[in-house]
Amino acid sequence: MSPTLDQMREAQRALETPLFSGLPGDIEVSFEFFPPKSEKMAETLWQSVETLKPLGPRFASVTYGAGGSTRERTHQQVVRIQNEAGIPAAAHLTCVNATREEVDEVARHYWAEGIRHIVALRGDPPDGATKYAPHPGGYANAVDLIAGLKKVADFEISCAAYPELHPDSPNAQADIDNLKAKFDAGATRAITQFFFDPQSFFAFRDKATAAGINGEIVPGIMPVLSFAAVQRMSGLCGTAIPGWMEGLFEGLDDRPEARQLVSATIAAELCRRLYAGGVRQFHFYTLNRAELSYAICHMLGLRPKA
């Protein structure tokens, strides 16, 4: 897809002025949290929700552990975010270790609680398993899950996308075909796995458009809290780490504040380049820490809502 005239002007302005000067804040954001394992972590999560709430996120999602290991904690936080914080909440649901009826029952319960948005995922293999296998009597994959959820109720559904190839996918075209099947089954939008090269997102977006995918594809942004942790996650999900990144974090293991400044700079520059390429929706993997995501949103021109 060729850049539009507006995008070319925006790219030129980005070269001629400080990268973040004068941005109008015409972006939409969403935030992802994980369910806390302790009271202390619950306090941190809620502080993060309260910090990010004034930015007017269009939704906040809460993740779901493999095999339903965090089912109750996910439910508690999803309902609390929607009812107490007043942010539209999305609950993650997976196919792992559950029958169709069990998954449908969870979905019906969310609908009864007023939750209208599901992040529908195949899910990772449960602990101890090296390869995903459908549960007997369960949903086979994310496409199957999305179709089933739409039969339960008219949920808004977000799904996953992989700009740099899903680890179980044979090739890039199979990923695109699978994404199209998710949209055809009823998905509202796709949120990508985190990445660090904006060109990988643009190339994926162009391939999706060429394949007839018209739904929203939102980049998932992962601010780096720990380079070692990102290395582990990248190895599991197939995200490429640029060669220059390790050097930027070298020597900062014992300097968390300096590490956060470096992390915010890297993520904000990625978002700025995506913005110059026409992206106006961003999804932040907060890791239950608000300040990095808040700072990046601020640099992109987003300000607290009245």
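This is a predicted model: local features need pLDDT of at least 70, side-chain atom pairs count only at pLDDT 80 or more; totals for chains, interfaces and linings use all residues.
Hi everyone, and thanks for coming. Let me start with the sheet. How many strands does the open sheet have, and in what order? There are 9, arranged S7-S6-S5-S4-S3-S2-S1-S9-S8, and the pairing is parallel. At the edges sit strand S7, residues 216-218, and strand S8, residues 220-221, each of which pairs on one side only.

Strand S6, residues 189-192, runs parallel to S7 and is joined to S7 by 3 bridges. If you want a landmark there, look for Ala190, which stands opposite Ile217 in S7. Lying across S5 (156-161), S6 and S7 you will find helix H7, residues 198-210. The angle between H7 and S7 is about 165 degrees.

Next, helix H3, which covers residues 71-85. Its 15 residues should span 21 Å at 1.5 Å a residue, and the end C-alpha atoms are 20 Å apart, so the two figures agree. Which residues of H3 are buried? They are Thr74, His75, Gln77, Val78, Val79, Ile81 and Ala85. Covering those buried residues are, among others, strand S1 (28-33), helix H2 (39-52), strand S2 (59-62), strand S3 (89-94) and H4. Just past the end of H3, Gly86 has a positive phi of about 75 degrees.

In general, an α-helix has 3.6 residues a turn, so residues three or four places apart point the same way. Arg80 is partly exposed at 28% relative accessible area, while Glu84 is exposed at 52%.

You can see a related arrangement in helix H4, residues 100-112, where Arg108 and Glu105 are 3 residues apart, again about one helical turn. They form a salt bridge with closest N and O atoms 3.2 Å apart. Arg108, at 34% relative accessibility, is partly exposed, and Glu105, at 42%, is partly exposed too.

Then there is helix H6, residues 172-185, with Lys180 and Asp184 placed 4 residues apart. Their salt bridge has its closest N and O atoms 3.2 Å apart. Is Asp184 buried or exposed? Exposed, at 56% relative accessibility, whereas Lys180 is partly exposed at 29%.

Salt bridges also link Glu28, Arg58, Glu156, Arg189 and Glu216 into a network. That one is worth a look on the screen if you have the model open.

Finally, the aromatic rings. A search of the whole structure turns up 7 aromatic pairs. One of them, Phe195 with Phe201, is stacked, with 5.7 Å from centre to centre and 10 degrees between the planes. Phe195 is buried, at 1% relative accessibility, and Phe201 is buried as well, at 1%. Elsewhere, ring pairs join Phe31, Phe282 and Phe284 into a cluster.

Terms used: Residues are numbered from 1 along each chain as its sequence is written. Side-chain values use heavy atoms; hydrogens and water are left out. Helices (H or I, at least four residues) and strands (E, at least two) are DSSP runs, numbered from the N terminus. Buried means under 20% relative accessible area, exposed over 50%, partly exposed in between (1.4 Å probe, protein chains only). A salt bridge is a side-chain nitrogen of Lys or Arg within 4 Å of a carboxyl oxygen of Asp or Glu. Two strands pair if DSSP finds at least two bridges between them. Contact means heavy atoms within 4.5 Å. Axes are lines fitted to C-alpha atoms, for helices over the stretch in contact, and angles run from 0 to 180 degrees between N-to-C directions. The expected span of a helix is 1.5 Å times one less than its number of residues. Rings of Phe, Tyr and Trp (its six-membered ring) pair if their centres lie within 6.5 Å; planes under 30 degrees apart count as stacked, over 60 as edge-to-face and the rest as tilted.
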